[in-house]
Structures are given as C-alpha cells and as structure tokens.
Amino acid sequence: MNKSAQLHIAILESSKIICEGIQAILYQSDMDCRVYRLDTLDDLIGLLEANPVDILIANPVQFVNREKEIQKIRKNYPSLAVAGIDFGMMHKPSTLTDITFTLYDSTEHIVHLLLKLDKKSQSQPNEKEGEENLTKREIEVLTGLVNGMLNKEIADALNISIHTVVRHRKNIAMKTGIRSQSGLTIYAISKKIISIEDIDI
Amino acid sequence: MKMADLIDGNPYLLLMLQHFNIDFRVSDRTVLQLCNQYDIGEQLFISIANLYNGSGIRGERPFTRKDMLQVIDFLKSSHNYYRFDKYPQISTCIRQLQENHPEKELKLLEKFFNEYFTEVREHLDYEDEVAFPYFITLLGNDKQNNDREIYSSREYSDHHTDIELKLKDLKNLLLKYIKIDNDLDLRRKLFMSLYELEFDLYIHSLIEETILIPSGIDIEREQNE
C-alpha cells in the first residue's frame, strides 16, 4: 500500500473506553490509517512536532479555556483536520472543529465523515506546492536543479545520497510532467518556487 | 484501397504524402495506382502509412535498395518540413505571445523552444550531412571497405528520446503551468502546432529506427560476408 495514502489519526481522549472504541472502529474499517493515542493537549503538540497528523479526533470540551492554543495549532498545521466527538455535553457547536460526530453515530457514518474530512483537506490549494504536491525535499532538489547544480552538488548540499537525489528527480518529473532543467526552471517560476529576478536571460 | 478514403481515415497521411512529394489531389486512384504513378514501392508506402496509422510494421523486411533510397528521400523531405514550415510557424506563435505578454516566463519559454530546436536542427544536419550520405554509399556499392559503422540503433533511439522529452516538457508547460490570460486562439494554435510537430517527429524516428537502421545493418552484414 502506498505509504503516502496512509492517514495519520490522533485521538485526544483520556477515557480508555472511548479511545479503544474509536480505534476499533478505525481499524475495522477499510481506511489505511495509523492511530496515535494522546492524553493531553501537550502530548498533541509534542506529536505534531515529530509526525505528520492528518486528523485529530477529540472531545471539544477539552478545548475550553485553551482556545488560543488550539487556534495556534490550527494555524501552524493548516492541513490538520479536526473531528469533534460530541458527548452530549455541548450546548453549541465548537468553532474549533471541522466536523462533529456523536457517541451514538454508526460506524459507517463516522468513517464516512472522517474520509470526507481527509478529502477536503487534501484538495485545499497549497500556495507553494500546487496540485502536484511536491514534498519539501523535492522542492529543495528542484531549487538546486534550477540553480544549475549537478546531482552530486545537490546531494552534498542537502546531506543525502546521490541515489536519493535521482529518486527525487524521478518523482518530480512524474508529478510535474517536466524533465529538462530549462523546463523545470519555467515550472519553478510559474509556481513561485523561485523568484524571477534570480534568473538571467 | 482508394487513397482518398485512407486520407479520410487519418488526415495526418497528408503529411506523409507531402514527404513523398505526392500532390494530395489524388482523385479516385487506389494506393497501387498512386505508387506506380510516382514509382514508389508499394510495400514501403503501406508500411509507412501503417506507421502513421499507429499499427506498426512488424516483419515487413526486407526492403529493396531502391526502397531504402526512397526512404532517405522521404526523411530528407521531412527535414525541410521541420526546418522551413513547422519551426517558423511555432516560432511566430511564441514571438506573438511574447509581444502580448512581456512576462519573463515567456521569454524563458522562447529560449527553451530555441534551445530545443537547435538540438533538433543539429540532429537533422547530422543526418543530412553524415548519416544519409553514408547510407547512400552503402546502398550504392557492392563490396566496400567501410571504416564507419552505422550509428547504432540504440544511440539513434536515445537521441530521439531526448528530443521527444523536451517537446513533451514544452507541451506540459503550456498546458499546465505557464499563466497567460487571454490569447486563447494563439495558445491553441501554438499547442496544435507543437502536437503536429511531435507526431510527425515521432513517426520520423520510428521510420529511422524500424526501417532505415535495421535494413542498413542487414546490408552491412551482407557486404561483410
């Protein structure tokens, strides 16, 4: 299975029963996902720094009095989607979650909502990467190429092996449909990955 | 089969006729009649038409020496089409786009296209000045001490791939990335021209790789026996 299609889901919930229940639902479904279980908001912050997380499932009551922190997290990780679990204690819908499901929703409904969430966050236009979704590393390699660096020079500059550089170049070519250095230069300019002023004609 | 019907099925065959120096006002003539009129090998004609139609030419060798000479004429005629018809057409479109949109991206595009076409021209010149004359001597003599070997099939196809890839880059850039507002007409003309060029160049490469070189190798082998 393609690694990059795997969903990284974090469950922020201190009740073991609830956590186990949600995890069971996720694993029994068709979704290819990796689940992280967290007790506190600080655990979440720590996790986000080390791993990519696509969806956070949490009881929004935990966010009360910590809205600023949550907003900061959402700003720093714009591709993170938040699904709230409604325990029946919320009087009004939380503004910090993208969707909400209740403890009594069916498995199908919950999975359906989560999948919809993921699709939505994937289709958001990303200024730097565009629909081709070049990774940060690929953009670094692309920048090196466009500046006229050879594979070896790029490998040295980024501290990776030449084979890795070659692999990144193949991926870039596959994603963008462009292979030549001059072509990639034009691509990089139109995507604003490099500035026009950097290029001499 | 009537030539007019063949053309109706695939208008790109008009390009093929042009490279054979055949006027496409073919009235009711059949393929055979046309070939006889212009003294072109029927098997060769059909093989190349099949290439244009996308059906390949497996197992249709050997071609005669006369056929091979005609193939070389065909290829030379294609070269003139690229140099004096296609290239100026595309260059004019790009120039016009650039005048309407002075962004740097378009200057780069023009530079890219010119670099690309320089590579193409070098390849064409090489063929006209070195490869084809060599083939012609090969075809003309019975036993000849040939110091040079035929440009290997592999090298030929590598070079073709390079050129094709650059053209694909160009098309993708226009289609997906370069932001130009308006001038849709001009961009469409440019894109279609690129597409036609790509197609004919592709067939051109196929003819070289599947007809010219293999037959040349056969003849060389014959001569060395």
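Me: Why is Pro52(A) called exposed?

Reply: In this predicted model, Pro52(A) has a relative accessible area of 52%. Exposed means over 50% relative accessible area, buried means under 20%, and partly exposed lies in between, with a 1.4 Å probe and protein chains only. Pro52(A) is therefore exposed. The residue belongs to the loop between α2 and β3 of chain A, and its C-alpha atom is separated by 9.2 Å from that of Ile9(A), 43 residues apart along the chain. Helices (H or I, at least four residues) and strands (E, at least two) are DSSP runs, numbered from the N terminus.

Me: What makes α2(A) and α3(A) roughly parallel?

Reply: The axes of helix α2 (residues 41–50) and helix α3 (residues 67–76) of chain A cross at roughly 15 degrees and come within 12 Å. Axes are lines fitted to C-alpha atoms, for helices over the stretch in contact, and angles run from 0 to 180 degrees between N-to-C directions. Angles under 35 degrees count as roughly parallel, over 145 as roughly antiparallel, 65 to 115 as roughly perpendicular and the rest as oblique. The two helices are therefore roughly parallel to each other. Their crossing is left-handed, a term used if the near helix is turned anticlockwise from the far one by less than a right angle, with clockwise giving right-handed.

Me: Which residues make the contact of α2(A) with α3(A)?

Reply: α2(A) contributes Leu41(A), Leu44(A), Ile45(A) and Leu48(A), and α3(A) contributes Glu69(A), Ile70(A) and Ile73(A). Contact means heavy atoms within 4.5 Å. These residues divide into six nonpolar, no polar and one charged. Ala, Val, Leu, Ile, Met, Phe, Trp, Tyr, Cys and Pro count as nonpolar, Asp, Glu, Lys and Arg as charged, and the others, Gly among them, as polar.

Me: Why is α5(A) described as roughly perpendicular to α7(A)?

Reply: α5(A) and α7(A) pack at an angle of about 95 degrees, with their axes 9 Å apart. That angle makes α5(A) roughly perpendicular to α7(A). From α5(A) the contact draws on Arg137(A), Glu138(A), Val141(A), Leu142(A) and Leu145(A), and from α7(A) on Val165(A), His168(A), Arg169(A), Asn171(A), Ile172(A) and Lys175(A). Here the division is five nonpolar, two polar and four charged.

Me: Which residues of α5(A) are buried, and what covers them?

Reply: In helix α5 (residues 136–146) of chain A, the buried residues are Glu138(A), Ile139(A), Val141(A), Leu142(A), Gly144(A), Leu145(A) and Val146(A). Their cover includes α6 (151–158), α7 (162–176) and α8 (181–190) of chain A. Just after α5(A), Gly148(A) takes a positive phi of about 85 degrees.

Me: How do you know that His79(B) is buried?

Reply: Its relative accessibility is 0%, so His79(B) counts as buried. His79(B) lies in helix α5 (residues 65–100) of chain B. Not counting residues up to four places away in sequence, His79(B) touches Leu124(B), Glu127(B), Asp128(B), Phe132(B), His204(B) and Glu208(B).

Me: What makes Leu167(B) a buried residue?

Reply: Leu167(B) has a relative accessible area of 1% and is therefore buried. Leu167(B) lies in helix α7 (residues 153–177) of chain B. Its contacts, leaving aside neighbours within four places in sequence, are Tyr116(B), Leu194(B), Leu197(B), Glu198(B) and Leu201(B). Leu167(B) and Leu197(B) are 30 residues apart in sequence and 8.9 Å apart in space, C-alpha to C-alpha.

Me: How many helices and strands does chain B have?

Reply: Chain B has eight helices and zero strands. Of its 225 residues, 48% count as buried.

Me: What is the mean pLDDT of chain A and of chain B?

Reply: pLDDT is the predictor's confidence in each residue, from 0 to 100. The mean is 83 for chain A, where 86% of residues reach 70 or more, and 85 for chain B, where 90% do. The model scores ipTM 0.74 and pTM 0.63.

Methods:
Residues are numbered from 1 along each chain as its sequence is written. Chains are lettered from A and ligands numbered from 1 in the order in which they are written. This is a predicted model: local features need pLDDT of at least 70, side-chain atom pairs count only at pLDDT 80 or more; totals for chains, interfaces and linings use all residues. Side-chain values use heavy atoms; hydrogens and water are left out.
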